[in-house]
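Please read the following report alongside the sequence and the coordinates. It moves from a helix to a sheet, then to ring contacts and a ligand shell.

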Amino acid sequence: MADLKVVGQPLPKADAAAKVIGAAVYADDIVLPRMLHSKLLRSPHPHARILSVDASAARRIPGVKGVLTGQDLPIRFGILPVSQDERALESEKVRYVGDPVAAVAAVDEETAAAAAEAIRVEYEVLEPVLSIEDALRQPGDERIHASRSLPANLHRLQSYEFGDLAAGWARAAHVREDLFFFQGNTHLPMEQHSAVGQWVDGRLTVWSSTQVVHYVHRALSKVLELPMNKIRVIGAAHGGGFGGKTDPFAHEIVVAKLAMVTGRPVKCTLTREEVFYAHRGRHPVLMWVKTGVDEEGRITAMHFRSALDGGAYGSYGAASVFYTGTLQTVTYDIPAYKFEGCRVFTNKPPCGPKRGHGTPQPRFALELHLEKLAEEIGMDAVELKRRNFMQPFTRAVNWLRVTSCGLEECAEKVLAASGYRTRERRPGRGQGFAISAYMSGAGTAIYWNGMPHSEVQLKLDRTGVTAYCGAMDIGQGSDAVIAQIVAEELGIQAADVRLVTADTDSTPIDLGSYSSRVTFMAGNAALEAARKMRALLDAAVDARAGVPFLEACELAETKWGALSTAGSYTPPRIGGPFKGSGVGPSPAYSYSAAVVDVDADARTGIVRVNKVWIAHDIGRAINPLLVIGQIEGSVYMALGEALMEEQTFRRQLGLHKWPSMLEYKSPTFVDTPEIESFLVETVDPEGPYGAKEAGQGPLLPVIPALNLAVHDALGVWIDETPVTPEKVLKALKDGRVGPKMFPAVPWPEPIIVEPPARDDMRVGAELEAAFPSA
Amino acid sequence: MLRLPRLRFLIPDSARQAAAMAAEGGPTTMLVAGGTDLYPNLKRRQFATDTLVGLTHLRELHEVRGEASSGFEVGACVTLSAASRHHELHAGYAEAAGLVSSPPLRNAGTIGGNLCVDTRCNYYNQTQEWRQAAGYCLKKDGDICLVAPSSPRCWAVSSSDTAPMAIALGATVVLAGTDQERELPVSALYRDDGIDYLAKQAWEVITALRLPPADGLRTAYVKLRRRGSIDFPIAGCAVALRMEGDLVESARVVLSAVASHPLEVHAADQLLTGARLDDETIAAAAEAAAKPAKPLDNADLDYFWRKRMVRVVVEEALRKAAAR
Ligand SMILES: Cc1cc2nc3c(=O)[nH]c(=O)nc-3n(C[C@H](O)[C@H](O)[C@H](O)COP(=O)(O)OP(=O)(O)OC[C@H]3O[C@@H](n4cnc5c(N)ncnc54)[C@H](O)[C@@H]3O)c2cc1C
Ligand code: SF4
């Protein structure tokens with residue numbers, strides 16, 4: 001592949017010009033004739049029964065054209081089939097401050113706001129459940145979701161044993177246990193959620209700022225009881241998601257229903273405060289980890305426990321629990337591994353996937369834990385970690401299959417560039433080193449179906465080529481990647497490929513822009529479609545070289561009429577023979593390593609980040625500019641989580657402390673240090689041109705590396721996020737800041753899983769054939 | 001998005017007329033300059049206002065008159081950006097103006113508005129819906145203080161970055177009333193009350209800030225905030241020193257964001273006056289300055305920590321001023 005012409009070029013994003021000159025049409029920019037504006041009325045209580053809703057005063061306000069209450073949208077939905085626990089508008093009870101109960105459509109936003117305010121809701125206030133500990137106890141008044149079979153406010157409970165734990169512990173020369181807490185935080189995209197609904201002649205169209213048009217399509221069909229072919233969902237130009245726009249949301253359903261009721265287009269744009277309530281962000285996670293190592297520092301066994309504070313609804317939570325446990329084994333080589341995880345409901349905005357979904361928390365815990373272990377046994381921490389690095393082409397104890405793996409190269413790059421090994425040792429100055437792995441797309445769809453995970457269609461005629469792809473470019477530049485792949489295969493410029501994306505009427509299925517899957521999966525689909533098209537073009541010009549592209553197109557159309565080809569991608573089965581094996585497998589894992597350099601002031605506790613070195617095993621950079629953009633964005637986001645971001649709530653009130661961009665602290669440009677990125681290209685056997693993911697993995701090592709740098713500088717342990725100045729001072733006084741206990745959880749008997757052979761690389765039917773019959 | 005309430009916007013011909021319009025309109029009429037403080041507050045329904053009297057179109061309020069040797073008169077509608085870039089203003093004043101919020105807000109925000117910026121509190125600077133859910137407080141619509149429930153008063157925090165510097169300089173403001181103008185020391189512009197924080201009549205228009213001659217004054221402003229931009233101060237110190245050799249001839253130390261008004265710490269001034277500005281003096285002055293600072297749990301970060309940091313910002317400001 002040495003002669004790649006377009007792949008590997010640092011080209012600008014496909015929509016860069018449109019965004020820069022203001023031509024891009026975001027959902028909130030859409031103005032349709034006779035359009036109404038909608039406003040949701042949300043609960044002021046964290047936990048309450050709804051006794052009555054009286055909207056009569058709202059209906060009487062001039063300019064109000066439609067009012068909805070819970071009665072109008074009784075059908076439950078939720079992103080995962082196992083958690084159909086949300087309603088667009090609640091009619092029975094509210095579960096967090098911000099839970100929607102009613103909606104209005106009016107001629108302008110002011111009237112809509114006044115009408116929402118005029119709706120009278122009578123509540124019976126219930127005792128709120130606001131912490132993991134509270135959620136594990138019997139509730140004072142009632143459970144948040146009464147119908148669940150697990151006790152108290154437990155949502156999910158998992159327990160697994162992979163490999164021979166007893167032997168692992170017996171072999172260990174040293175064993176250490178630690179407790180960690182990762183605070184919740186939110187995505188904070190620049191663009192608030194927004195949707196417009198239109199109902200014409202029995203057909204519904206919804207434009208939305210979403211990461212997955214397909215999931216919105218499904219939820220609308222279910223709740224509105226409309227067949228899929230009567231609904232069209234279009235992804236508007238996107239101002240950022242980071243996982244926060246991956247669920248279907250109340251406002252999307254509400255604009256659709258209001259459009260149906262009023263017969264007029266309806267728009268709803270959330271306020272910044274409402275975005276904090278819609279949330280689905282990083283779970284607060286309490287973690288306990290115990291690891292045994294032999295005399296050489298090689299891990300013999302690990303036991304990891306996590307407790308996730310899920311907020312009020314399921315969202316992706318059932319998957320999030322698994323993610324706090326599964327990827328440990330593809331980062332370090334762990335021969336025997338026990339994982340116990342639980343998720344609880346609390347009366348707070350629902351948590352879900354945020355960049356790194358469920359894995360930054362355990363990554364933070366593990367990197368600090370191994371450092372402590374190394375210190376305890378008097379071994380160099382980098383060396384200890386290194387001895388345990390996962391190796392390429394290895395099957396992990398929990399059956400995850402690692403193919404290309406550039407962990408060694410990544411580590412070496414950042415260690416060398418930062419001078420970590422020869423760093424200056426003085427109080428107040430420190431460096432920290434950490435590593436990570438992440439999935440290039442989930443190997444299993446979130447709902448059972450046999451369709452491909454991604455499809456791309458190409459249409460070619462005398463005007464050139466158009467690619468139809470269901471994936472939503474959420475600012476990461478996935479459209480550019482699709483265009484570059486098609487251009488590479490057809491021998492044209494990326495700018496000559498027209499794109500139609502994220503429109504359920506005109507584009508084929510794609511499971512969306514999350515899970516770091518688009519380049520890998522839609523990219524592979526585009527590659528297949530483009531290769532088929534190339535073959536047709538070659539035939540049309542009788543394999544003559546040098547025919548200009550448009551001329552070739554005309555020849556092809558003349559010969560066969562307008563042409564279309566399609567490509568698709570379905571990841572093979574990778575997971576092992578056990579229930580729950582669907583979460584964690586990925587056709588390829590990316591790897592990252594980072595060193596963070598800080599000044600930490602012992603007098604003030606203020607930490608300043610001087611520089612971050614980060615290396616990322618991208619497989620192959622189809623567009624290095626975009627990869628570096630993702631790496632730098634990840635570093636920036638990680639530093640925010642490490643140093644300042646926290647989604648916290650007022651006690652008793654269950655009220656978000658500061659749902660605003662001024663008081664919810666997230667770093668600005670001036671707080672962001674120099675970032676030096678290194679791309680490691682391991683050329684993955686399954687990725688398109690060898691490419692793997694870049695959108696999430698690089699976030700992971702930065703958070704622990706920051707904590708470790710503070711430890712290096714001041715000798716203190718801050719076993720939780722974020723590292724605020726007060727905590728630094730407290731740690732200087734007490735030696736450590738962090739959780740003191742892990743609550744009692746009624747863990748079930750573990751599912752015992754036989755580990756695979758370490759060199760078993762089989763997938764799909766071949767793998768299944770080899771499973772021990774149950 | 002959050003919308004402004006419906007407003008009448010009046011365009012006066014002069015500062016005097018603006019005062020007259022504001023006086024006539026009564027409590028539901030407010031003056032507005034850059035609006036960077038007022039508009040967000042109105043969107044959150046922090047004032048029951050139906051009329052605004054605009055000021056920024058008044059040319060005379062945009063002038064900077066005078067020179068360093070005689071002192072400058074800075075028009076109230078001079079933007080913070082312009083003030084921060086003015087090379088001849090006292091270094092500490094330009095520094096304070098340049099540390100307010102963020103570049104776009106400094107391009108719109110004015111120095112007069114900055115002197116009058118509303119006091120702040122994490123229970124108050126929230127939307128109407130949030131405050132309803134939390135329960136309203138004394139400063140707007142309620143009858144208790146949510147930060148200090150046993151207290152009969154509001155402790156919202158004075159958050160102006162330039163006011164402490166203006167006070168340290170001994171600056172005055174020119175106020176236009178309905179039928180007269182008066183001059184008032186900036187130090188007399190504030191009251192120790194989170195609600196009624198200004199000592200002028202609501203309709204009185206600040207037309208200018210009068211800064212003293214340069215005259216050997218060494219000034220510095222040090223601001224503590226979580227991020228390098230956008231954030232209001234969580235502690236700040238303005239210092240104006242006059243040195244005689246290496247002895248301090250006179251000193252004024254004024255703190256921001258630790259009380260409901262810019263906090264003058266005369267104990268520190270006295271300690272410094274006549275002393276050699278060595279580490280010991282600086283530490284003692286900082287200690288004295290920190291004593292009356294009373295941060296509460298209504299701003300960013302832990303208030304114990306903020307109280308500890310007062311010393312740090314005072315020391316830094318003294319060192320910086322002395323080095324100028
Ligand atoms: C995100 C954000 C961050 C901010 N950060 C800071 C900060 O770090 N430090 C800081 O000090 N401020 C900060 N501010 C507040 C504000 O931007 C500044 O204080 C600014 O200087 C206010 O000036 P203005 O002209 O916009 O005032 P306006 O908003 O127009 O007015 C503010 C108040 O002053 C009154 N007023 C204005 N001009 C006059 C006049 N000439 N005579 C009499 N009364 C008048 C108004 O009636 C109103 O009550 C911030 C604001 C925001 C939104
Ligand atoms: S200090 Fe008390 S009264 Fe004043 S704004 Fe805050 S909560 Fe309200």
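Gly98(B) belongs to helix 4 (residues 91-98) of chain B, where helices (H or I, at least four residues) and strands (E, at least two) are DSSP runs numbered from the N terminus. With a relative accessible area of 23%, Gly98(B) is partly exposed, a class that lies between buried (under 20% relative accessible area) and exposed (over 50%), computed with a 1.4 Å probe on protein chains only. Gly98(B) and Ala82(B) are 16 residues apart in sequence, and their C-alpha atoms are 9.0 Å apart in space.

The model is predicted, so that local features need pLDDT of at least 70 and side-chain atom pairs count only at pLDDT 80 or more, while totals for chains, interfaces and linings use all residues. Residues are numbered from 1 along each chain as its sequence is written, chains are lettered from A and ligands numbered from 1 in the order in which they are written, and side-chain values use heavy atoms, with hydrogens and water left out.

In chain A, an open sheet of 4 strands has the order 18-23-24-27 with mixed pairing, two strands being paired if DSSP finds at least two bridges between them. Strand 18 (429-439) and strand 27 (674-680) stand at the edges with a single partner strand each, so one side of each has no neighbour in the sheet. Within chain A, strand 23 (residues 589-600) and strand 24 (residues 607-617) run antiparallel and are joined by 10 bridges; Tyr591(A) stands opposite Asp617(A) in strand 24.

Over all chains there are 18 aromatic pairs, counted when ring centres of Phe, Tyr or Trp (its six-membered ring) lie within 6.5 Å, with planes under 30 degrees apart called stacked, over 60 edge-to-face and the rest tilted. One of them is the stacked pair of Phe162(A) and Tyr337(A), at 6.4 Å centre to centre and 10 degrees between the planes. This pair links strand 7 (residues 154-162) to strand 15 (residues 337-344) of chain A, its two residues being 175 residues apart. Both rings belong to a cluster that also takes in Tyr160(A), Phe322(A) and Phe578(A).

The two partners compare as follows.

| Residue | Relative accessible area | Class |
|---|---|---|
| Phe162(A) | 5% | buried |
| Tyr337(A) | 1% | buried |

The charged end of Arg305(A) sits over the ring of Trp288(A), 4.8 Å from its centre, and that of Arg120(B) sits over the ring of Phe232(B), 3.8 Å from its centre; this requires CZ of Arg or NZ of Lys within 6 Å of the ring centre and within 35 degrees of the ring normal.

Ligand 2 is surrounded by 13 residues, each with a heavy atom within 4 Å, and the closest include Cys121(B) and Trp155(B).
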